[in-house]
Every structure is written in structure tokens, then in C-alpha cells.
Amino acid sequence: MPDPQLAKPHSPTTDVSRLPPLDPEHRTEEQRRLLAVVQGGQVPHLFSTLVQHPALFRAWLPLCVQLLRDSAFPPREREFLIIRASWRCGCAYELENHRSIGARAGLTDDDFAALTGETSPTWTQREQLLVAAADELHAGHTITDATWHELSALLSTEQLIELPMLVGHYIMLADTLRALRVPLDAALPDLRPGQ
């Protein structure tokens, strides 16, 4: 397995946002409609920043919902992949938000600590392989033949297709959040669109 390189952690609480989240009073009618799908009045900074490009937001949101709410993976495994990819990318925003989503999906504090460090000896073989695949996708933008061979014996066809798309989506999202320096949210319930 390639030796994954970590991105330098980004702390959006100390950096000045390059494109501040759009306040409710500055949103167009179209932006308000798009954001209503997300979470009504309490809109996380992720969405109130990205909605400033309405056409792209409209195209991106269904993929986000599919991967987060309608994933081919059970919630615990989905969160393993998201948290590991977010940590590899040094994305404090996604780590902060997926800590609570992961807890609801059954991740323990020990799981979270291991996902943001070394793997845990208590994880199943399948969980260890998912983490290895996320590491390989981050480091080399592919999954090695050895890891693929083991995964293909454990995952469905849909999961094999979704795995690189899920990890790739969160790498893309982490890069966007870090580049725009999107600030952390203040005590929002979570980031599940369509709730």
C-alpha cells in the first residue's frame, strides 16, 4: 500500500474566509429555494457558501444527497470512508461535522481517534480494507490490485463503484472547503441534506 501523505490541518476558525457564507438577507429567491431543501432556516456554512454558484449547487446537491443519505454502504462504513478521506485531506470542517453524524452511525470515540490516526485492531477485516482503500485513493488516486481483490470478495458491485466516488467526492469537497476557507458552523444539528 502506498504511504499516504497527510495534508496540513486547516483550522477554519482562525483563517479568514475567502468567500464568506451568504447571509439570509443577501440571498436571491433562487438561492433561498435551493437552500430550503437543505435545512430550512439553519443553513450550514458549506451550503450557504456553495449556493453562491446556483447552477453548480443545483447539479452537485443530488450527488451529495445520494452519497450521504442513500449510500450503498451501511451508515457506519460510509462514515469510516468520509472521516478517513476528510482527515487525510486535513479538512477540519468535514471532520467536525462528521464526528456527530458518525456517532449516530455507531462510531465510538475510539473509532474516531483511530480514523484520524492509525487503524484499530478491533475493526473488522472489511472496515480495515475500506480504510486502506480510502488511504490509497487519497495517496495515489486509485485502489491497488491487492486491495481491490480483497474488497471485491466482500462488497457488492454497487459498493465497488460507489467507494471511489464517495471518497473522491469528499476529497473534492475537502479541497473546496479548504481553498475557500469555509468557517466552522456554530452548533448546527448536522449536515444531512433533505432533513
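**View 1. Just after helix H9, arginine 181 takes a positive phi of about 55 degrees.** Helices here are DSSP runs of H or I with at least four residues, numbered from the N terminus. Arginine 181 lies in the segment that follows H9. Arginine 181 counts as partly exposed because its relative accessible area is 27%; buried means under 20%, exposed over 50%, and partly exposed in between, with a 1.4 Å probe and protein chains only. The model is predicted: local features need pLDDT of at least 70, side-chain atom pairs count only at pLDDT 80 or more, and totals for chains, interfaces and linings use all residues. Residues are numbered from 1 along each chain as its sequence is written, and side-chain values use heavy atoms, with hydrogens and water left out.

**View 2. Histidine 141 has a positive phi, near 60 degrees, in a residue other than glycine.** Histidine 141 sits in the loop between H7 and H8. At 68% relative accessibility, histidine 141 is exposed.

**View 3. Helix H9 covers residues 157-180.** The expected span of a helix is 1.5 Å times one less than its number of residues. H9 has a kink of about 25 degrees at leucine 163, shortly before proline 164. The bend at a residue is the angle between axes fitted to the seven residues ending there and the seven starting there.

**View 4. Other helices cover the buried residues of H9.** Buried positions in H9 include Leu160, Leu163, Leu166, His169, Tyr170 and Leu173. Their cover includes H2 (45-50), H3 (54-69) and H4 (75-88). It also includes H5 (92-104), H7 (125-140) and H8 (145-152).

**View 5. The largest nonpolar core has 41 residues.** A nonpolar core is a set of buried Ala, Val, Leu, Ile, Met, Phe, Trp, Tyr and Cys residues joined through side-chain atoms within 4.5 Å. Phe47, Phe57, Trp60, Leu151 and Leu163 have the most contacts inside this core. Helices H1 (29-39), H2, H3, H4, H7 and H9 each give two or more residues to the core. H9 gives the most, with nine residues. A second, separate core of 10 residues includes Phe80, Ile83, Leu107 and Phe112.

**View 6. Tryptophan 60 contacts residues beyond four places in sequence.** Contact means heavy atoms within 4.5 Å. Neighbours within four places aside, the partners of tryptophan 60 are Leu46, Phe47, Leu50, His169, Met172 and Leu173.

**View 7. Phenylalanine 47 and tryptophan 60 form a tilted aromatic pair.** Rings of Phe, Tyr and Trp (its six-membered ring) pair if their centres lie within 6.5 Å; planes under 30 degrees apart count as stacked, over 60 as edge-to-face and the rest as tilted. This pair is 5.7 Å centre to centre, with 40 degrees between the planes. Phenylalanine 47 is in H2 and tryptophan 60 in H3, 13 residues apart. Both residues are buried. Ring pairs link Phe47, Phe57 and Trp60 into a cluster. The whole structure has four aromatic pairs.

**View 8. The protein chain has a mean pLDDT of 88.** pLDDT is the predictor's confidence in each residue, from 0 to 100. Of the residues, 86% reach 70 or more. pLDDT stays under 50 over residues 1-5, with 11 contacts beyond four places in sequence. It also stays under 50 over residues 189-195, with 34 such contacts.
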